[in-house]
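Hello,

Here is the structure to look through. My notes follow below it.

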Amino acid sequence: MLEPVNVSLESLNLMTLAPMLIPIIGALLILIIDIIKGGLDKTLYVMISILFLLLDLGAIAETADLFTQNGTVMGVFDVMLIDGLAILSQLIIVVASLLFIPLALTHKRFHEFSYPEFFALFLFMLGGFQFMVATDNLILIFVGLETASLALYTLIAMHNRDKSFEAAVKYFTMGALAAGFFSFGSMVFYALTGSIEINQIASVLEANGFADMGFVLIGVVFILAALGFKLSLVPFHTWAPDVYEGSSASLAGFMSIVPKIAVFIVAMRMFEFLIHSGVIWLEVILYIVVVVTMTMANIWALVQTDVKRMLAYSSISHAGFVMAAILIGTTQSNSALFLYWVLFSFTNLGAFSMLWISRQKHLPVYQSSDHSYNKFAGMIQTSPVAATIMGVFMLSLAGLPPFALFWGKLYLISSAVTGGYTVLALIMALNSAIAGYYYIKLIVYMFMKEPVINKDGHVFVANATTPLRTIIGIAAVGTIFAFVAVNPVLEFITALVYKSGY
C-alpha cells in the first residue's frame with residue numbers, strides 16, 4: 001500500500017511561483033468584472049493590467065532578493081528555477097508590457113481594445129512567457145510556450161482585418177509545427193537521459209561522454225527548429241513579415257521583443273552546455289544559422305516598400321545578431337545579449353509606436369499600404385517633431401553613436417572578438433553597415449523628399465493621445481540617453497548572469 005506523502009508548504013518555496021500567478025490572477029479578475037458588469041470603458045482594463053504588472057515587478061524584485069541571498073532557488077517540487085536569467089528576462093518582459101499596454105488608449109477607436117478579453121489574454125500570455133523562463137523543465141517550458149502562443153494567436157486575430165486573420169492562421173500553423181518539433185526533440189532527450197530537466201540532461205550526457213551522438217544531433221536539430229520558428233531565424237522566418245503586417249503596429253512591436261527574449265533564455269539553457277562540451281557540429285550549425293539570418297534578413301529588408309515590413313525583416317536580422325551571443329557562450333556574450341535586448345526594447349517599441357500613432361483606417365488612393373515609404377515623404381515639413389523622433393529611432397536601430405543600440409552592438413561584437421570569433425565579429429559589423437542603408441532610406445524620405453499629395457501633418461499623429469505620447473517620449477529618452485545608464489545596467493546584468501553560472 002502506498003504511503004501518504006507529506007509535503008510542507010515551506011519546502012514548496014511558493015515565492016518562486018508568485019511572479020507567474022500575479023498576471024494570471026489579474027486576467028481572471030478582468031473576466032470576472034466583465035461577467036458582473038459588461039460594457040465598461042477600456043481605460044479600466046488598462047489600469048487593472050498596469051496595476052497587476054506593477055505587482056508582478058514587485059514579486060520579481062522579491063525573487064531577485066531571494067536569489068542574491070541564496071543563489072539559484074528551486075521551488076514547487078524543483079520544477080521552478082529562479083536564477084539570474086529568469087530574473088533579468090522577467091524584468092524585460094514586464095517592463096516592455098508596461099510600455100505596451102497604454103498604447104491601447106489611442107485617439108481613434110480600434111475595437112480589439114474595447115474587449116476585456118484582449119487584456120485578459122494579454123495577461124495569460126505574460127504568465128506563459130514567465131513560466132518559460134523560470135524553469136529548466138522541458139514540459140513546463142512547453143506548457144508556457146503553448147499558453148503564451150495560443151493567447152498571442154487570438155490577440156493578432158482580434159485586430160479584425162483581412163490580413164489579421166491570415167496572419168493569425170499563418171502564425172498558428174507555424175506555431176503548431178514548432179510545438180511538434182519541440183515535443184519530438186524533448187522526447188529524444190528524455191529517451192537518452194531519462195530526465196526532462198535540462199541540468200540533469202547535461203549531467204547524464206557529459207557523464208557518458210556523449211556516446212549517443214547521433215541521437216543527440218537529432219534532438220538538437222528538432223529543438224533548434226522549434227526555437228528557430230519562434231525566433232524567426234532563417235529558414236524558419238517565413239511567417240514573420242506577414243504576421244507583423246497583419247498585426248496592429250503596437251502588437252507587432254511587442255512581438256518583436258517579448259516572445260523572443262523568452263525563447264532566447266530557453267535556447268541559452270539548452271545549447272550552452274552542448275557548446276561548452278566541445279560538440280563541434282552544433283557550433284557549425286549555429287554559426288551558419290546566425291550568419292544566414294543576419295545577412296539574408298538585411299538583404300530582404302533593403303527591397304521593402306512598406307516601413308512595417310522593413311521593420312519586420314529588421315527584427316529578424318536583430319534576432320540573428322543576438323543569437324550570436326548564445327553561439328559564443330561566454331559570460332560577456334550572455335550579458336551582452338541582455339544589454340542588447342534592453343536597449344532594443346526601447347528603440348524598436350518606439351519605432352513601432354510611431355507607426356501606431358499614424359495608423360489610418362481608410363487609405364488614400366496614392367498609398368499602396370498604410371505604412372508605405374511615400375506616406376512618410378516630406379514628414380519634416382508637415383510634422384517636424386514626429387519626423388525627428390522617428391529619425392532618432394532609425395539611427396539607433398542602425399547602430400549609430402551615441403544612440404542606444406550602438407552600445408549593445410559594440411559590446412556584443414567585442415564579446416565575439418574576446419571569445420575568439422573574429423570572423424563572426426567582422427560579419428556582424430558588416431551586417432550593421434548594410435542595415436544602416438535601409439534605416440537611412442526612411443530618414444531620406446522624411447527629411448529630403450517633398451510630401452506626396454497629402455500635406456496634412458495631422459496624419460502622422462492621427463491616433464496620438466497623452467498616454468501614447470508619454471510612451472514614445474519614454475522610448476525616445478531611453479534611446480537618446482542610454483549612454484548614461486549603460487555601465488550600471490551592464491554591471492547589474494553581468495553580476496546576475498555570472499552568479500547563475502552562465
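Lys-499 lies over the face of Phe-67, 5.4 Å from the ring centre. For a charge to sit over a ring, NZ of Lys or CZ of Arg must be within 6 Å of the ring centre and within 35 degrees of the ring normal. Lys-409 also has its charged end over a ring, that of Phe-321, at 4.7 Å from the centre.

First, some ground rules. This is a predicted model, where local features need pLDDT of at least 70, side-chain atom pairs count only at pLDDT 80 or more, and totals for chains, interfaces and linings use all residues. Residues are numbered from 1 along each chain as its sequence is written, and side-chain values use heavy atoms, with hydrogens and water left out.

Aromatic pairs

A pair of aromatic rings is described by the distance of the centres and the angle of the planes. Rings of Phe, Tyr and Trp (its six-membered ring) pair if their centres lie within 6.5 Å; planes under 30 degrees apart are stacked, over 60 edge-to-face, and the rest tilted. The structure holds 23 aromatic pairs.

Take Tyr-153 and Phe-172. Their ring centres are 5.4 Å apart and their planes stand at 85 degrees, so this pair is edge-to-face. The pair links distant parts of the chain: Tyr-153 is in helix α6 (residues 138–157) and Phe-172 in helix α7 (residues 162–193), 19 residues apart. Helices (H or I, at least four residues) and strands (E, at least two) are DSSP runs, numbered from the N terminus.

Are the two residues buried or exposed? Tyr-153 counts as buried, at 6% relative accessibility. Phe-172 is partly exposed, at 43%. Buried means under 20% relative accessible area, exposed over 50%, and partly exposed in between (1.4 Å probe, protein chains only).

Tyr-171 and Trp-239 form a stacked pair, with 4.7 Å between centres and 15 degrees between planes. Tyr-171 lies in helix α7 and Trp-239 in the loop between α9 (213–231) and α10 (240–246), so the pair ties together parts 68 residues apart in sequence. Both Tyr-171 and Trp-239 are buried.

There is also an aromatic cluster: Phe-181, Phe-184, Phe-222, Phe-229 and Phe-236.

Backbone details

Look again at the loop between α9 and α10. Pro-235 lies there. A cis peptide bond joins Val-234 to Pro-235, with omega about 5 degrees. Ser-232 is in the loop between α9 and α10 too. Its phi is near 55 degrees, a positive value in a residue other than glycine. Ser-232 is buried, with a relative accessible area of 0%.

The bond from Pro-401 to Pro-402 is also cis, with omega near 5 degrees. Pro-402 lies in the loop between α17 (384–397) and α18 (404–418).

Helix packing

Two packed helices are described by the angle between their axes and the distance between the axes. The axes of α12 (residues 258–276) and α14 (residues 307–328) come within 9 Å and cross at roughly 30 degrees. Axes are lines fitted to C-alpha atoms, for helices over the stretch in contact, and angles run from 0 to 180 degrees between N-to-C directions. The two helices, α12 and α14, are therefore roughly parallel (under 35 degrees; over 145 is roughly antiparallel, 65 to 115 roughly perpendicular, and the rest oblique).

Residues of α12 that meet α14 include Phe-264, Met-268 and Phe-271. Contact means heavy atoms within 4.5 Å.

Best wishes
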